[in-house]
Protein chains: 2
Amino acid sequence: MNQTPPTREDFWIHRWTLALGRQPSKGIRHSIGHDCAVLSPFSSQLDLVLKTDAVVEGVHFSPSTPAPLAGRKALARALSDLAAAGATPRAALLTAGCPNARSAPRLREAYRGLARLAKKINLPVVGGETVRTRQLLLSVSLLGTVPKNTSPNRSGAKPGHLLFVTGKLGGSWPRRHLTFHPRLAEGQWLVRNKFPSAMLDLSDGLGADLPRLARSSRIGFRIDPGQIPLSPRATPKLAFTRGEDYELLFSVPPPLTPALLRRWPFSTPLTIIGSCLPIRQGCHTGGLPLRGYDHLR
Amino acid sequence: MNQTPPTREDFWIHRWTLALGRQPSKGIRHSIGHDCAVLSPFSSQLDLVLKTDAVVEGVHFSPSTPAPLAGRKALARALSDLAAAGATPRAALLTAGCPNARSAPRLREAYRGLARLAKKINLPVVGGETVRTRQLLLSVSLLGTVPKNTSPNRSGAKPGHLLFVTGKLGGSWPRRHLTFHPRLAEGQWLVRNKFPSAMLDLSDGLGADLPRLARSSRIGFRIDPGQIPLSPRATPKLAFTRGEDYELLFSVPPPLTPALLRRWPFSTPLTIIGSCLPIRQGCHTGGLPLRGYDHLR
């Protein structure tokens, strides 16, 4: 007769999932510990939103970054994309890459940081896996929902629409890229009230993300560098090139602008930084460089 | 006036997503090229199934593995888990980790292999991202559906239930772990016809996966080594320890067994390898070792 000892992987997964704490269970049929997570269906009035995003040690955080902040960042980045879709996060899957047993405590701490943010926004972590990688890696996949047919994308901006950003830009380093608050409430409110014609989150800097919006929408644009809301000690150039601001960039038709400015219910700053132009009129930035952080340069 | 050159990341993403081919578009509102993928809701009679799974160079495939087979494996492994849930895959997200520009052609080939399998089963790849990692890595997240309240998990096996496996075991190396066919049709048929009381896919070998089922269901079991269906040149010990068979392991109440054997419509072999016991009677394997591939040993 043999015993059935858990494998070391089972043991770790059990230890780590403890760190995820008690999971909200409404609508979750199967969760961690089964081959797949199974959720009961959402309202037929809700579209489904999917996003995956990863952070890697040496790229998105450093070996000296406190592990709980690395874990927090992994989830917060993916949430920022859901914010840009106006979506409500409903379930998360977590893939953890870990070099060896010696890095296990650091990974467990990263789980804790991620779990704390998930709990705060009542987001269940319903599954995931661990793999062996040469560097610490956390990949988060999210399922969210958004009222049917309302989620903006990058391609709806038209000449004449005004360009808005939330928050202040250029101040992501050294710490804010680890502690930022994804603009979930702001994104949901904007979409529910149908203000944005196009929206994305600023992950790679205005200099990279603005061109993405422009290319998708087939427009040009004019930015007024003096209007860019800046973090302490930031410059317009940093707002264009540094990345990791995780604020929302969106376009709004001019007739909706007064209502947006009047009704904006958040303490988060809201700023007009420029406007969309016909594509043939090109892209004008007052000399600021149109490039951003490029992951693969 | 500045130009808006795509970043190198944008360029690659564009090149690679071309390899994904024309995407089925029914029900997909936003796909690759936006912050999130947005899908219209499925029937309210369907539960949602979530799974994420990664393959890493040096762990799940080697530097000499043809890249299209590595990409294929990344998707096939995740599909195997959906098969164990009886689910139909509906949308995939792909995270690619890539060391540098020199490895780009290999990654593009991996995309091609993945895209070929996705196309074959009519599965749209709706989003994803690229990150810089020290070794090639492909992580696939899947959204699937299964008729409401039907998906089995690992915890429903009871003493007396018979233990079945599909296919033949122990022959995953050197090649089958790259070319196996996930048992999607078999899993969907089993669940639709309510045969399994518990089910999982055999990824780490019977010696690791059987104890998982047993622990979840709080049962013991008795396996007859002579009944294990073996691949050419495999041994019962390899079936227990080698892993990567990606066949289905499931338990069935005895009254349902004759109908299952009579109605099984597939050419895939279906074999009874043992039965479930009360937990106090323990785990009997005729001396075969209860352990499997452990990712983190």
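This is a predicted model: local features need pLDDT of at least 70, side-chain atom pairs count only at pLDDT 80 or more; totals for chains, interfaces and linings use all residues.
The contact between the chains draws 77 residues from chain A and 76 residues from chain B. Within the side of chain A that touches chain B, the largest share, ten residues, is supplied by strand 3 of chain A, which spans residues 46-56. When the residues on that side of chain A are sorted by class, 35 are nonpolar, 25 are polar and 17 are charged. Because 99% of the interface residues of chain A are also interface residues in chain B, the copies meet through the same surface.

Within chain A, strand 11 (residues 270-278) pairs in the antiparallel sense with strand 7 (residues 162-166) over five bridges, and Thr166(A) has Leu270(A) of strand 11 as its bridge partner. Strand 11 of chain A is likewise paired in the antiparallel sense with strand 9 (residues 219-223) of chain A, again over five bridges. Here Gly220(A) stands opposite Leu277(A) of strand 11.

Helical packing was examined for helix 2 (residues 67-84) and helix 3 (residues 104-120) of chain A, whose axes come within 6 Å and cross at roughly 50°. Helix 2 of chain A and helix 3 of chain A are therefore oblique to each other, and helix 2 passes helix 3 in a right-handed crossing. On the side of helix 2 of chain A, the residues making the contact include Ala67(A), Pro68(A), Leu69(A), Gly71(A), Arg72(A) and Leu75(A), while those contributed by helix 3 of chain A include Arg106(A), Glu109(A), Tyr111(A), Gly113(A), Leu114(A) and Leu117(A). By class, the contact between helix 2 and helix 3 of chain A consists of twelve nonpolar, two polar and five charged residues.

Definitions and conventions:
Residues are numbered from 1 along each chain as its sequence is written. Chains are lettered from A and ligands numbered from 1 in the order in which they are written. Two residues are in contact if their C-beta atoms, placed from the backbone, lie within 7 Å. Axes are lines fitted to C-alpha atoms, for helices over the stretch in contact, and angles run from 0 to 180 degrees between N-to-C directions. Helices (H or I, at least four residues) and strands (E, at least two) are DSSP runs, numbered from the N terminus. Angles under 35 degrees count as roughly parallel, over 145 as roughly antiparallel, 65 to 115 as roughly perpendicular and the rest as oblique. A crossing is left-handed if the near helix is turned anticlockwise from the far one by less than a right angle, and right-handed if clockwise. Ala, Val, Leu, Ile, Met, Phe, Trp, Tyr, Cys and Pro count as nonpolar, Asp, Glu, Lys and Arg as charged, and the others, Gly among them, as polar. Two strands pair if DSSP finds at least two bridges between them.
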